Amino acid sequence: MCGIVGYNGKNQAAEILLAGLEKLEYRGYDSAGMAFQTEDGLVQYKEKGRVADLRKAVDGSLESSVGIGHTRWATHGVPDRKNSHPHQSATGRFTLVHNGVIENYEKLKNSYLKDVPFASDTDTEVIVQLVEHFAEEGLMTGEAFRKALSLLHGSYAIALLDEQAPEMIFVAKNRSPLLVGVSEDCNVVASDAMAMLQVTDQFIELHDGEVVLLGRGGVTIETLEGEKIERAPYTAELDMSDIEKGTYPHYMLKEIDEQPGVIRKIMEAYSTEDGTLTIEPAIRQAFRRADRLYIIAAGTSYHAGLVGKEYIEKLAGLPAEVHISSEFGYNMPLLSEKPLFLFITQSGETADSRQVLVKVKALGYPAITMTNVPGSTLSREADHTLLLHAGPEIAVASTKAYTAQLAVLAISAYCLGDGACDFDLKQELGIAANAIETLTDAKQEMESLAAELLDNKRNAFFLGRGLDYYVSLEGALKLKEISYIQAEGFAGGELKHGTIALIEEGTPVIALATQRNVSANLRGNVKEVTARGANACIISMEGDSEPGDRLILPHIHDLLTPLAAVIPLQLLSYYASLQRGCDVDKPRNLAKSVTVE
Ligand code: F6R
């Protein structure tokens, strides 16, 4: 979702900000803009569409070393030029970019800004108009900014320019991600370290309710009340190659291919020196104290949670429930006596999940965040973090983070079971990683399958039972989000309770048959749909396959089959998206990091 960059330094800001915005494109957006302090006053550019369009609009001879930039994912007001950021105060003195949602903007407008002409339909504009309102009442910029912030209800990451203080960027954060980057040549601000890795790898975390004065020569962090905060920078351990596509046509394909390596990296990260799988003692303790695990997540992470519940119950013997975060927070079920909460979130920033974390912390319950992003909001705010070690995931459609989530869930459950299982998980994960490698090599086959099954189709169904059902939900999500084919995942037996009415000649049905205990039932369900004209494609596993199965996965441990079964579904979605000419890495309307509820 919206991304912010800001630069205050010795060099020309425009190219640095444009390159930064390009790095934030993965978050999802529909317009982009920038503003610069120049000798002739403030200059701004905004465009609906891509950063590439913004790049074309920028005057090549622009001279400025202080600027802010923004990619907008529309919430209030349609995606157009008028609503894209930056927004300016009525006189043009203040200019601001914002990520988040101001819940009380209407009320603030009516209370303070009745006579002010608004230029956009956004909630954001109220902030910049408020700053001007208080400055006109005689407050210095910093004070006017704080006063405005103190009135806001909602989430924000803000970078503000004042034409009368051209050497400074005013920054604030509450519940939306924002980092400050520091170096000898410049100080910067960004929603994500990868946007500013081009100028520094030294970043300072910002906490909610903090305000930053970002000068060229230094950075001051303060609380909203003006109390100074000292916080040392950390080194962002990101490699430029992690965030470049390299020779791949799309990030999604690169990330699909990275999955075997990710599984191996996770095994290493969760091993003791003698090679035994392990999790932190404090996390083990938290699980030990709990009488029930509540897994909270959204989207793909929710699908991983469904598989995780099976792992936790089967390997660790702890009852577990999985909940969609946007539902759970507003309709909490009766909780057990000693609940433990596990938040699964690739980004660590998902607002739907965060609102639950805030609520359960207020109730005094322990929480663990499983995330790919160390230092992310949910990681900081939970008691413990389980890291995914998947490396930056840039494509909007999650692939390697999902398999990483499955692997870390399996390891956690296995370690909690104290090795009482009748198999060696490390060895089995190694076998799974090899199987994934074999499957990612089957690209041509998946490309042909996508054409054969999905060409010109309006809808598609995914069937599975047991763990395969959970993978079918993920397969359907992948296909619909990047190819726009309406796709649904079903428990094998469920289709005939209504949805089978949609099956007609040629309807694609992708059926997963890797679970031996229910594969006969699943095959029966496939017969039901083929009898009604469906074009069924069965994906089974070595040792339990039948003639006519379209794809046979290498044999891996029954519990780990989701790690392999999801790979053909990811590739199928990728090729279906390509064949339809869709934007694979940046599907319409979607954002990578969903920072609003
Ligand atoms: C789909 C996808 C989303 C995310 C969801 C939660 O490919 O990526 O469904 O899984 O938005 O995001 P995180 O895991 O960052 O909380």
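Is Lys314 buried or exposed?

Analyst: Lys314 counts as exposed, at 56% relative accessibility. The terms have cut-offs: buried is under 20% relative accessible area, exposed is over 50%, and partly exposed is in between, with a 1.4 Å probe and protein chains only. Before going on, note that this is a predicted model, where local features need pLDDT of at least 70 and side-chain atom pairs count only at pLDDT 80 or more, while totals for chains, interfaces and linings use all residues. Residues are numbered from 1 along each chain as its sequence is written, and side-chain values use heavy atoms, with hydrogens and water left out.

Lys314 forms a salt bridge with Glu310, and their closest N and O atoms are 2.7 Å apart. A salt bridge here is a side-chain nitrogen of Lys or Arg within 4 Å of a carboxyl oxygen of Asp or Glu. Helices (H or I, at least four residues) and strands (E, at least two) are DSSP runs, numbered from the N terminus.

Helix H10 covers residues 299-316 and also holds Glu313 and Lys309, again four residues apart, or about one turn. Their side chains meet in a salt bridge at 3.2 Å, N to O. Glu313 is partly exposed, at 31% relative accessibility.

Arg55 pairs with Glu22, with the closest N and O atoms 3.0 Å apart. Arg55 lies in helix H2 (residues 51-57) and Glu22 in helix H1 (residues 13-24), so this pair ties together parts that are 33 residues apart in sequence. Arg55 is partly exposed at 30% relative accessibility, and Glu22 is partly exposed at 31%. By the salt-bridge rule, the count comes to 33.

Now to the domains. The chain is divided into domain 1 (3-238) and domain 2 (248-432); these bounds come from an automatic or database domain assignment. The contact between them takes 10 residues from domain 1 and 10 residues from domain 2, where contact means heavy atoms within 4.5 Å. The centres of the two domains, taken over C-alpha atoms, are 33 Å apart.

The size of an interface is often given as the accessible area lost when the parts come together. Domain 1 and domain 2 bury about 770 Å² between them, 57% of it on carbon and sulfur atoms. This buried area is the accessible area (1.4 Å probe) that two parts lose on being put together, summed over both.

One salt bridge is counted between domain 1 and domain 2. Asp208 and Arg354 form a salt bridge, with their closest N and O atoms 3.0 Å apart. By class, the side of domain 1 that touches domain 2 has five nonpolar, one polar and four charged residues. In this scheme Ala, Val, Leu, Ile, Met, Phe, Trp, Tyr, Cys and Pro count as nonpolar, Asp, Glu, Lys and Arg as charged, and the others, Gly among them, as polar.
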